[in-house]
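Try each task before you read its solution.

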Amino acid sequence: MPVFLLLLTLVSGTLGFGVATVTWVRRWRGIWRGLALVPAGGMAFLILRIVVDCWANPTSHNLWPIEVLIWGGCALAALLSIYEKETRWSRPTVLSRVVTLSRR
């Protein structure tokens, strides 16, 4: 049963990260689009490195699911911080509204 839960976590985390990346890359414009691709590029590099290393030596990455979870969590945290910055900078803040109203 723990193997099933580990695989379920890996699949759901990977799909969630992939869906979030694709959604935000399609919605964002400019530099935010490029910044959203950075964590995805890091995950792609990790997967490629695991495949190549395991091809050369099958025992080199015995704990690859844990590696994917750790790096996936870091990549998701980076993507969420980019999302937070993008939404904060794209909307006018309360302070900018007060400054605009005081200039009238």
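Buried means under 20% relative accessible area, exposed means over 50%, and partly exposed lies in between (1.4 Å probe, protein chains only). This is a predicted model: local features need pLDDT of at least 70, side-chain atom pairs count only at pLDDT 80 or more, and totals for chains, interfaces and linings use all residues. Residues are numbered from 1 along each chain as its sequence is written, and side-chain values use heavy atoms, without hydrogens or water.

**Exercise 1.** Classify Ile70 by its relative accessible area.

*Solution.* Find Ile70 in helix α3 (residues 64-90). Its relative accessible area is 49%, so Ile70 is partly exposed.

**Exercise 2.** Check the length of helix α2 (residues 31-56).

*Solution.* The expected span is 1.5 Å times one less than the number of residues.

**Exercise 3.** List the buried residues of α2.

*Solution.* They are Trp32, Ala36, Pro39, Met43, Leu46 and Ile50. Now recall the helix geometry. An α-helix has 3.6 residues a turn, so residues three or four places apart point the same way.

**Exercise 4.** Where is confidence lowest, and where is it highest?

*Solution.* The protein averages 76, and 73% of the residues score at least 70. The lowest mean, 52, belongs to helix α4 (residues 94-102). The highest, 85, belongs to α2. Where pLDDT is low, the predicted coordinates should not be read in detail.

How values were computed
Helix = DSSP H or I, 4+ residues; strand = E, 2+ residues; numbered from the N terminus. pLDDT = per-residue confidence, 0-100.
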